[in-house]
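Hi,

Here is the model I promised to pass on. My notes follow below it.

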Amino acid sequence: MLHVQNVKKTYQNFTLNCSFSIQPGYITGLVGENGAGKSTTFKAILGLISIDAGKIELFGKDIHDFTNKDREQLGVVLSDSGFSGYLMIKDIVPILQSMYHSFDKQAFLQGCSKYRLPLDKQIRNFSTGMKAKLKILVAVSHNAKFLLLDEPTAGLDVTAREDLLDMLRTYMEQDETRTVLISSHISSDLENLCDDIYLIHDGEIILHEDTDLLLSNYGIIKTDQAKFDTLEKQYLLRKKKESYGYACLTNEKQYYIENAPDVIVESSGIDEMITMMIRGERV
């Protein structure tokens, strides 16, 4: 579905240099610290910035060759974009009808009703959660095959985030070939939603893993210096010095549970994985 091949973009204090692929029917998460390159990657995919080298293909086609019909297959949510706050939903319906040939007015208005978005209230008076829900409804309103969602749940409370995730699950259930690339700093959203995860750091992809494998196989080992010295290092990805000795990230948690019973082995979520991969040292 999407292939990013050796894409490079250099700014004064930052360089994006990454490659990754997203399979049809997948929800893929792109995670990393602020400034790691997530938004730059999204803008490159959308052709909003020029790239210095590399190639980006979507739907089997170079993005530079995209037509308006190709672009209608995309549903996009960017953190710094949206409709004018002085418009009302009833004002943007005809805009969407003119922009997208496949715009489903009935489904869009049903979504507005379901998520309690008033049609005759200026968008600038919407809450943060209401604005976020509107962005998602617009993105899925025209039968898009591919969604690119940059931090869509940022700043939302628990119930608003769950509404957004519900929208995405419904979107995916309607067509098994639909695909989503989503970035988020809220790990629980990604753990419950994504099929696989890419970790980007300083503009480079430093880890890719299926979410199920990450949650089941990855772990944090906690041990003192003496036990660390004798520990089998083959399955350790990163180590981090702590007051008690070392914390280590492994992708073979069960191996250490069975073969190193004298050390503490804890499950690793996405947050712990990110912290250890970025701040830890190679073993």
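Asparagine 143 sits in the loop between helix H5 (128-140) and strand E7 (146-150). Aspartate 202 also has a positive phi, about 50°, although it is not a glycine. You'll find aspartate 202 in the loop between strand E9 (196-201) and strand E10 (204-210), and it is exposed, with a relative accessible area of 53%.

Before the rest, some housekeeping. This is a predicted model, where local features need pLDDT of at least 70 and side-chain atom pairs count only at pLDDT 80 or more, while totals for chains, interfaces and linings use all residues. Residues are numbered from 1 along each chain as its sequence is written, and side-chain values use heavy atoms, with hydrogens and water left out.

Now the overall picture. The chain has 11 helices and 14 strands (DSSP runs numbered from the N terminus: helices are H or I with at least four residues, strands E with at least two). Its C-alpha trace spans about 70 × 40 × 35 Å along the principal axes, and 47% of the 283 residues count as buried.

On to the inside. The largest nonpolar core holds 52 residues, of which Phe108, Leu134, Ile182 and Met273 touch the most other members. Such a core is a set of buried Ala, Val, Leu, Ile, Met, Phe, Trp, Tyr and Cys residues joined through side-chain atoms within 4.5 Å. Apart from it lies another core, of 26 residues, including Ala36, Leu58, Phe66 and Tyr198. Back to isoleucine 182: leaving aside neighbours within four places in sequence, its contacts (heavy atoms within 4.5 Å) include Ile27, Phe42, Leu149, Pro152 and Cys194.

Last, a sheet. Four strands form an open sheet in the order E12-E13-E11-E14, with antiparallel pairing (two strands pair if DSSP finds at least two bridges between them). At its edges are strand E12 (236-242) and strand E14 (264-267), each pairing on one side only. Strand E11 (residues 219-223) and E14 pair in the antiparallel sense over 4 bridges, and in E14 glutamate 266 is the bridge partner of isoleucine 220.

Cheers

Notes: Buried means under 20% relative accessible area, exposed over 50%, partly exposed in between (1.4 Å probe, protein chains only).
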